[in-house]
Amino acid sequence: MATLRKSVKLKELDSKTSNDLQDAHLSAKTYEKGVNSSNLKCSQTSPVEKFSDDGTLTFFWRAHTLTVLFIFICSLVYVAVFEPVSNDTTYNTKRGILACVLVFILLGVTVTPDGVFQRPHPAVWRFTFCCSIVYELGLIFMLFQTKKDAISLLSHIDSSLGKPLEEKSYGGNCRIYDTEASDPFHNVWEKLDIFVPTHFIGWWLKTLVLRDWWLCTVLSVMFELLEYTLEHQLPNFSECWWDHWILDALVCNGLGIYLGIKTLNYFSMKTYHWRGLWGIPTYRGKLMRVVAQFGPYSWIDFDWKATSSLGRWIAMLGIILVFLVAELNTFYLKFVMWIPPEHYFNLVRLFFILLWGAVSMREVFQYLDDPDCTKIGRQSWITLAIVSTEFLTVARFDWDTITIPIPRHIAALWAVGLSSLVAWTIWNFLISRNTARRSSVADVAQRRMRWAVVKNLK
């Protein structure tokens with residue numbers, strides 16, 4: 001009898017699951033059909049209701065492949081026929097390499113497919129993607145050189161480089177109020193340099209990239225802990241406790257994350273109704289349309305659902321790891337390659353890393369959330385390769401620095417923390433059954449419907 005009851009229950013469960021799958025499939029079909037129709041009925045939070053585009057295509061939105069090819073050939077004709085020949089080998093080599101890079105970027109911007117972002121123009125994101133390829137190729141070339149030759153190569157780009165750095169330590173006297181000095185708050189004023197506003201702006205932009213308060217807070221705290229851990233390797237990681245936790249974590253990081261969350265809320269609530277510039281009657285409306293061109297074309301909220309499944313949890317840990325390694329690369333690269341902190345190379349690299357990271361996070365989120373997305377995006381692939389190659393460059397050129405042993409008490413704390421993380425992961429996902437970890441049929445159908453809308457908007 002017990003066997004018979006189990007058999008009946010299994011049949012009922014199979015029948016119910018089959019019906020759920022059919023209902024979800026029909027719902028997705030009906031939803032996609034409704035998205036493509038003009039009579040779609042949606043809720044107040046539906047992306048379709050918040051978005052419209054009249055389809056106006058101006059000169060700048062049309063393909064100009066033949067025009068670009070004509071200008072390119074004319075430039076080569078000028079160099080080959082009309083430009084005087086130079087006998088300076090170094091000058092010709094530099095120009096030849098620069099010309100190859102520019103032609104590659106021009107080709108990529110012209111023929112590469114559009115990415116996930118469309119504003120201010122798809123060509124902008126095609127340009128950044130091609131620049132990421134050029135940067136990765138440059139890193140690979142440097143990886144095959146010696147440290148001396150790599151630094152010499154940078155000095156050919158900028159003659160001010162190639163000189164050993166004088167590292168500044170932010171530790172030492174950590175009194176907030178120093179009674180022995182003429183200005184008791186001189187320690188505070190010394191810390192308020194140009195890097196404070198850039199720190200704040202950086203975390204505001206990182207929040208726009210990650211679109212999650214929890215993830216940004218974890219990264220903020222983790223990086224401060226890494227600075228504590230590695231201050232014996234890099235002198236500029238040595239900071240006062242209040243510089244770590246008050247000025248950096250609380251003020252710069254915290255306020256930047258807060259402003260980022262407020263900006264995300266604005267973009268999430270905003271409606272996106274696009275019209276052609278010449279179809280707007282007022283000058284104020286035209287000006288607002290030009291400004292809006294530099295904002296998002298449409299908006300997707302990131303719900304990472306870090307603890308929804310073991311796979312999603314491991315993916316989030318991987319994102320945190322890659323993000324922290326990219327942050328550390330910033331400091332180790334300038335230390336190893338003798339690049340001053342205020343040099344424009346650092347700012348340019350951070351600017352492009354931010355743009356590449358924005359596209360990568362969008363692609364990674366779709367890869368994790370869209371049931372129909374089966375491969376990671378191209379920008380994510382290149383970004384991961386860049387972060388890995390940067391770290392390998394640091395390891396190759398200054399292995400002695402990165403292998404300086406971590407103090408025992410710090411290593412013990414990290415061992416306890418990592419052991420606790422592993423133990424919690426095993427308990428929560430493999431032993432405990434209190435958390436629903438399997439994606440239900442309804443959840444998969446809902447996510448599929450949401451991404452059907454997103455794809456339709458493009």
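Is F237 buried or exposed? F237 counts as buried, because its relative accessibility is 0%; buried means under 20% relative accessible area, exposed over 50%, and partly exposed in between, with a 1.4 Å probe and protein chains only. The views below show a predicted model, in which local features need pLDDT of at least 70 and side-chain atom pairs count only at pLDDT 80 or more, while totals for chains, interfaces and linings use all residues. Residues are numbered from 1 along each chain as its sequence is written, and side-chain values use heavy atoms, with hydrogens and water left out.

**View 1. F237 and Y332 form an edge-to-face pair.** The whole structure holds 22 aromatic pairs. Rings of Phe, Tyr and Trp (its six-membered ring) pair if their centres lie within 6.5 Å; planes under 30 degrees apart are stacked, over 60 edge-to-face, and the rest tilted. The ring centres of F237 and Y332 are 6.4 Å apart and their planes stand at 75°, so this pair is edge-to-face. F237 sits in the loop between α8 (213–230) and α9 (241–269), and Y332 in helix α11, so the pair ties together parts 95 residues apart in sequence. Helices here are DSSP runs (H or I, at least four residues), numbered from the N terminus, as are strands (E, at least two). Y332 is buried too, with a relative accessible area of 6%.

**View 2. Five aromatic residues form one cluster.** The members are F127, Y135, F351, F352 and W356. F351 and F352 make an edge-to-face pair. Their centres are 5.6 Å apart, with 80° between the planes. F351 is partly exposed, at 46% relative accessibility. F352 is buried, at 18%.

**View 3. Charges lie over two tryptophan rings.** A charge counts as over a ring if NZ of Lys or CZ of Arg is within 6 Å of the ring centre and within 35 degrees of the ring normal. The charged end of R211 sits over W299, 4.0 Å from the ring centre. K270 lies over the face of W274, at 6.0 Å from the ring centre.

**View 4. The second largest pocket has a volume of about 1,500 Å³.** On a 1 Å grid over the protein atoms alone, a pocket is an open set of points with protein on both sides within 12 Å along at least five of seven lines, whereas a cavity is a set where a 1.4 Å probe fits but cannot get out; lining residues have an atom within 4 Å of a point. Grid points are joined across faces, edges and corners, and a volume is the space filled by probe spheres set on the points. This pocket has 34 lining residues. Y135, G138, L154, I157 and F345 lie nearest its centre. Two or more lining residues come from each of α3 (89–111), α4 (122–143), α5 (147–157), α11 (310–336) and α12 (344–369). α4 gives the most, with 9. The lining divides into 24 nonpolar, 7 polar and 3 charged residues. Ala, Val, Leu, Ile, Met, Phe, Trp, Tyr, Cys and Pro count as nonpolar, Asp, Glu, Lys and Arg as charged, and the others, Gly among them, as polar.

**View 5. The structure holds 1 cavity of 30 Å³ or more.** The largest cavity has a volume of about 70 Å³. Its lining includes G115, W125, E363 and R378. α4, α12 and α13 (378–397) each give two or more residues to this lining. α4 gives the most, with 3. By class, the lining has 5 nonpolar, 3 polar and 2 charged residues.

**View 6. The largest nonpolar core has 49 residues.** Such a core is a set of buried Ala, Val, Leu, Ile, Met, Phe, Trp, Tyr and Cys residues joined through side-chain atoms within 4.5 Å. L219, W304, M337 and M361 have the most contacts inside this core. Among the elements that give two or more residues are α7 (195–210) and α16 (441–457). α11 gives the most, with 11.

**View 7. A cis peptide bond joins R119 and P120.** Omega is about 0°. P120 is in the loop between α3 and α4.

**View 8. K305 and W338 have positive phi values.** Phi of K305 is near 50°. K305 lies in the loop between α10 (283–292) and α11. Phi of W338 is near 60°. W338 lies in the loop between α11 and α12. W338 is partly exposed, with a relative accessible area of 27%.
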